[in-house]
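Open the model in your viewer and have the selection panel ready. We will go stop by stop, with something to pick at each one.

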Amino acid sequence: MKTQTFQRAALALAVAGGLALPMLAQAQAFKAGDLLVRARAVNIDPANDDTIAITDVSVSKKTIPEVDFTYFLSPNLAAELILTYPQKHDVSSSAHGGKIGTLKHLPPTLSLQYHFTDLGAFKPYVGAGLNYTHFSNVDLPAGFSIDKNSFGLALQAGLDYAIDSKWSLNFDVKKVQIRTELQSGGAGIGKIKVDPLLVGVGVGYKF
């Protein structure tokens with residue numbers, strides 16, 4: 001008798017669970033007006049492909065904190081704004097024996113994303129947008145300076161994995177175009193192409 005009761009209870013739970021899964025999936029789906037806020041740890045890996053043969057300038061790698069805000073225009077389309085605080089990097093030159101100075105950069109990026117649907121808890125997306133980078137606190141050898149502003153393209157691919165209707169895990173990869181001109185005595189001598197690959201992991205919360 002107890003066995004039959006247990007079997008019936010298990011069957012009832014299974015049926016209830018089966019009915020609940022579509023409801024959960026529906027609750028997890030993004031819709032127009034949703035705001036997804038993520039916090040990520042992001043590794044910055046600069047390409048360091050400059051056009052300055054006499055100096056061979058490079059910018060150091062770094063892992064930074066990042067916050068992004070994604071606003072859904074529809075279940076598939078969203079706009080993402082990425083923010084952080086000014087990040088300090090070492091500037092090196094193999095032609096001058098290593099580190100030659102430091103700088104800070106603030107790289108907010110605005111992207112338009114396409115989110116794929118009907119994949120349950122897995123929510124992949126791709127995006128493209130515009131990056132604006134402002135360089136500050138530039139400390140280079142006497143006579144050298146850089147252009148303080150950079151505009152470039154940004155490409156993105158990522159995946160959100162829904163833990164429940166609010167919380168999710170995130171993996172994100174971006175390639176960002178960040179370039180500035182190195183100047184000596186006020187005259188340009190070549191481009192520093194930072195062009196970093198950004199790989200981030202984090203958590204998200206949907207409002």
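Start by colouring the chain by pLDDT, the predictor's confidence in each residue from 0 to 100. Helices (H or I, at least four residues) and strands (E, at least two) are DSSP runs, numbered from the N terminus. Now select residues 12-27: their pLDDT is below 50, and beyond near neighbours in sequence this stretch has two contacts in the model, a contact being heavy atoms within 4.5 Å. Where pLDDT is low, the predicted coordinates should not be read in detail. For the protein chain, the mean pLDDT is 81, with 79% of its residues at 70 or more.

A word on the ground rules: this is a predicted model, in which local features need pLDDT of at least 70 and side-chain atom pairs count only at pLDDT 80 or more, while totals for chains, interfaces and linings use all residues. Residues are numbered from 1 along each chain as its sequence is written, and side-chain values use heavy atoms, with hydrogens and water left out.

Next, select strand S3 (residues 62-72) together with strand S1 (residues 35-45): the two run antiparallel, joined by 10 bridges. Strands pair if DSSP finds at least two bridges between them. Zoom in on Ile44 and you will find Lys62 of S3 opposite.

S3 and S4 make a hairpin, with four residues between them.

On a 1 Å grid over the protein atoms alone, a cavity is a set of points where a 1.4 Å probe fits but cannot get out, and lining residues have an atom within 4 Å of a point. The largest has a volume of about 130 Å³; show Ile64, Glu66, Pro107, Thr109 and Leu198, the closest to its centre of the 15 lining residues. S3 and S4 are the elements that give two or more residues to this lining.

Finally, select Ile44 again, with Val59, His89, Leu103, His105, Phe135, Ile178, Val194 and Pro196: they line the second largest cavity, which holds about 70 Å³ of space.

How values were computed. 1 Å grid on protein atoms, 1.4 Å probe; cavity = no way out; pocket = protein on both sides within 12 Å on 5 of 7 lines; lining within 4 Å. Points joined across faces, edges and corners; volume = space filled by probe spheres on them.
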